[in-house]
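Work through the exercises below with the structure open beside you, and try each task before you read its solution.

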Amino acid sequence: MNLNKTPNLTPKPLNTLVNKAQSSDLQVKAQISNNLGNVTLVMELPMYDFYRMSDVANERAEREGEPIAQRKLDMTHATKLASFILKGIVSAVIMEFEKNNTKAPEVYYSIQKMLGEQPYMALQPLVANLRTAGKDGSNLRAIEIVTNENEVVGIRLWLSQRDILYIVDGQHRRKGIQLLIEFLEEIRQDHKYPPKKNKLFPHNRDDRTVPNDEMEVWIQCYEMIRSACKVTLEVHLGLDIIEERQLFHDLNNLSKKVERSLALDFDSSNPVNAYIKEELVETELIKISLKDVIDWNEDDGSITRKDIVAVNAHLLLNKTNITGATPAQVEPKLDIARDFWDRITKMPFFGQEGAKTKTLLAQPVMLKALAKLTYDFAFGRFKSEEYLKQLLDGIETIDFSHNNPIWRYYQLSEEEVVKYNLNNLDEYLPDNSTGNRDIGQFESQTQWMRLGSKHNDIFPILGDMIRWELRLPSRHNKNRG
């Protein structure tokens, strides 16, 4: 295709720009592009139209005799994307008010806060294959769009009902859009929020009836996905199944994944991450490093961002990660989190140079143990103000030094257990016949206790030891104190 030819308004097939369009076909504006020698189209479609015009070559397609060119759908990931898109649509609606120099009603900001705010939101372009297009679009019909100065600024393309955009990269974004459409349509039809297991909006009310002011927000969001809010697509033309699968492979395997700590450093949308940035890092209460310290003699007292995030995930969410955290989950717990970190950061050697050689609090798995205990007594099933106070007040009384024999309990002989008065510690610990009991190794030469790397196995045992030290109820005691 010659993309530099003189503009011609005669309708033509895409590869020669000659043909006629039928009145029943959908008109789409697009840009012709050249991707490594292959003709592609770049187009924008409203979210609603995109969902209606696209499909995914999945297991269902195979049962119907069509080829598969996609991985299995992960509904958890798709639901998270749906929540993200909803948050973006609400933000877009608010921005429309501001563009018209009007402040949105307060309910819009209230909903935005419940969904979570962030500095900027966007969806990355999706990649699709128009299987019916023919090589370089030879089966398609289009005309050039020109300015009054005869400058070509794009094409007008006609797509029929059989021209389906098969998603090569973006099936979870497409599914997220579908879930959002279904969410908004159900609200508009029933005037009730969907059951909790399917909800995208954390209204936190037993009554699912949508108040009138909130209904207005959702109507505006629905109109937005049918008009102003669009998705961008790069559309490849007429690929066969081998070419489509190769494109899927290249798009998903030739990019380098962003390091976890760097991704967390850049993310301001998650409320746990926002708390860490604003109240722990920017106040210099905690020093952050990008990499783990291997040589403890070079320890500057910092902790990696991924570790501080994991500790706060246990503290605020009772989870191992902060994915999907909402302001409604996090904000009521921040006072306890502040109290926790105020006590931790005042402990001897914490955050100082050489901290790892002087205190086990410098090892993230010990912080996870304390964070988990704090969550249990503050917010868990068996929460107790008495035990929470006993824990937080007791932190400063615990010997977190490497020489405390309790940390190397599993390396001690029976005689040493008696010698160090640890006789009844086993009543607090899990049965030795179940699970991993290798919590770390005490190095005789350095006198350092290096806790192990299998944190999820180790921190509950450390928590049991802390319970024993502070005479808190054992988690293995059926009466639970």
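This is a predicted model: local features need pLDDT of at least 70, side-chain atom pairs count only at pLDDT 80 or more; totals for chains, interfaces and linings use all residues.

**Exercise 1.** Determine which residues of helix H12 are buried, and on which side of H12 they lie.

*Solution.* Begin with the cut-off, by which a residue is buried when its relative accessible area is under 20%. Within helix H12, which spans residues 334-344, this picks out Leu334, Ala337, Phe340, Trp341 and Ile344. Next, consider their directions: these residues cover an arc of only 115° around the axis, and therefore they lie on the same side of H12. Finally, look at what covers them, which includes helices H9 (271-281), H10 (305-317), H11 (327-330), H13 (364-379) and H14 (385-394).

**Exercise 2.** Trace how strand S3 pairs with strand S2 and with strand S9.

*Solution.* Start with S2 (residues 26-35) and S3 (residues 38-46), which pair in the antiparallel sense over six bridges, with Gln31 standing opposite Val42 of S3. The hairpin of these two strands has two residues between them, and there Leu36 takes a positive phi near 50°. Then turn to S9, which runs antiparallel to S3 and is joined to it by seven bridges; here Glu44 has Thr232 in S9 as its bridge partner.

**Exercise 3.** Describe the lining of the second largest pocket.

*Solution.* The pocket has a volume of about 590 Å³, and its lining consists of 27 residues, with Gly88, Ala92, Met121, Ala122 and Cys229 nearest its centre. Helix H3 (75-99) and strand S9 (230-237) are the elements that each give two or more residues to this lining, and H3 gives the most, with ten.

How values were computed:
Residues are numbered from 1 along each chain as its sequence is written. Side-chain values use heavy atoms; hydrogens and water are left out. On a 1 Å grid over the protein atoms alone, a cavity is a set of points where a 1.4 Å probe fits but cannot get out, and a pocket is an open set with protein on both sides within 12 Å along at least five of seven lines; lining residues have an atom within 4 Å of a point. Grid points are joined across faces, edges and corners, and a volume is the space filled by probe spheres set on the points. Helices (H or I, at least four residues) and strands (E, at least two) are DSSP runs, numbered from the N terminus. Buried means under 20% relative accessible area, exposed over 50%, partly exposed in between (1.4 Å probe, protein chains only). The arc is that of the directions from the helix axis to the C-beta atoms. Contact means heavy atoms within 4.5 Å. Two strands pair if DSSP finds at least two bridges between them.
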